[in-house]
Amino acid sequence: MDTILIGIAGGSGSGKTTLADKLVSCFGADEVSILRHDNYYKRLEGMTYDQRARVNYDHPDAFDTELLCEHIRELKAGRSVRIPVYDYTIHNRSDRTILVPPNPVIILEGIMILAEPSLLELMDFKIFVDTDADERILRRIERDVKERERSLDSVIRQYRETVKPMHEQFVEPSKRKADIIIPEGGRNDAAMKVILELIRSRLH
């Protein structure tokens, strides 16, 4: 199968997930498959909830990127994969999996994907969503409290201890690896049109 892998990176709360979801909705599940780096957080065995809550999830070592690369290669070879599902409410991988079929376009989104050489080698087009830090933290607070059942104190503590320093160490420098930098992600209509045309040209 002739497949194009589009990577969408950016800081936590930047809008990369919104961009990825809009692209999928524009084409449909029979043309575009989506992989999220967050689903590939490593399973944490033998740890209590409090211990798992203290893990640095914003470091490249928190992800099972080797498994993700294996799944990308399988999809590019025309074979379906069963991807893991991460449960944010328990800070651990769940026992569920999701079947992802091979399609002409694969979208991969995540904060660290442009910081991983093994993933960069597999990508055909690399996008970085660039959003102001104040906007990103506000979005993260709203998301984590409402959707992931986190307390406000825990979200603020995690941002100070790991999210911000890891963003500065890994995510922000990875922007230099991008083919295109998009301010505001899915809210940027002009950039959306450019990416849609890129995908359409590959599909047709």
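Within the predicted model, I8 has I127 in β6 as its bridge partner. Helices (H or I, at least four residues) and strands (E, at least two) are DSSP runs, numbered from the N terminus. The model is predicted, so local features need pLDDT of at least 70 and side-chain atom pairs count only at pLDDT 80 or more, while totals for chains, interfaces and linings use all residues. Residues are numbered from 1 along each chain as its sequence is written, and side-chain values use heavy atoms, with hydrogens and water left out.

Strand β1 (residues 4-10) is joined to β6 by five bridges, and the two run parallel. Two strands are taken to pair if DSSP finds at least two bridges between them. I6 has F125 in β6 as its bridge partner. β1 is also joined to β5 by five bridges, again in parallel. Here I4 stands opposite V105.

β1 is mostly covered, with seven of its seven residues buried. Buried means under 20% relative accessible area, exposed over 50%, and partly exposed in between (1.4 Å probe, protein chains only). Both faces of the strand are covered. I4, I6, I8 and G10 are buried on one side, and L5, G7 and A9 on the other.

Strand β6 spans residues 125-130 and is mostly covered as well, with five of its six residues buried. Four bridges join β6 to strand β7 (residues 180-183), and this pair runs parallel. V129 has I182 in β7 as its bridge partner. D130 stands opposite P183 in β7.

These pairings form part of an open sheet of five strands. The order is β2-β5-β1-β6-β7, with parallel pairing. β2 (32-36) and β7 stand at the edges with a single partner strand each, so one side of each is left without a neighbour in the sheet. Neighbouring strands of this sheet are turned by 20° against each other on average, direction ignored. Axes are lines fitted to C-alpha atoms, for helices over the stretch in contact, and angles run from 0 to 180 degrees between N-to-C directions.

S33 lies in strand β2. At 3% relative accessibility, S33 counts as buried. Neighbours within four places in sequence aside, S33 is in contact with V100, P101, P102, N103, V105, I106 and I107. Contact means heavy atoms within 4.5 Å. A polar atom of the S33 side chain lies 2.6 Å from the backbone oxygen of P101. S33 and M47 are 14 residues apart in sequence, yet their C-alpha atoms are 33 Å apart in space.

Helix α3 covers residues 65-76. At 1.5 Å a residue, its 12 residues should span 16 Å, and the end C-alpha atoms are 16 Å apart, which agrees. The expected span is 1.5 Å times one less than the number of residues. T65, L68, C69, H71, I72 and L75 are buried in α3. They cover an arc of only 160° around the axis, which puts them on the same side of α3. The arc is that of the directions from the helix axis to the C-beta atoms. The buried residues of α3 pack against β1, β2, β3 (81-87), β4 (92-100), β5 (105-109) and α4 (117-120). Just after α3, G78 takes a positive phi of about 90°.

Methods
Polar contact = N/O pair within 3.5 Å; in protein donor to acceptor, adjacent residues only side chain to side chain.
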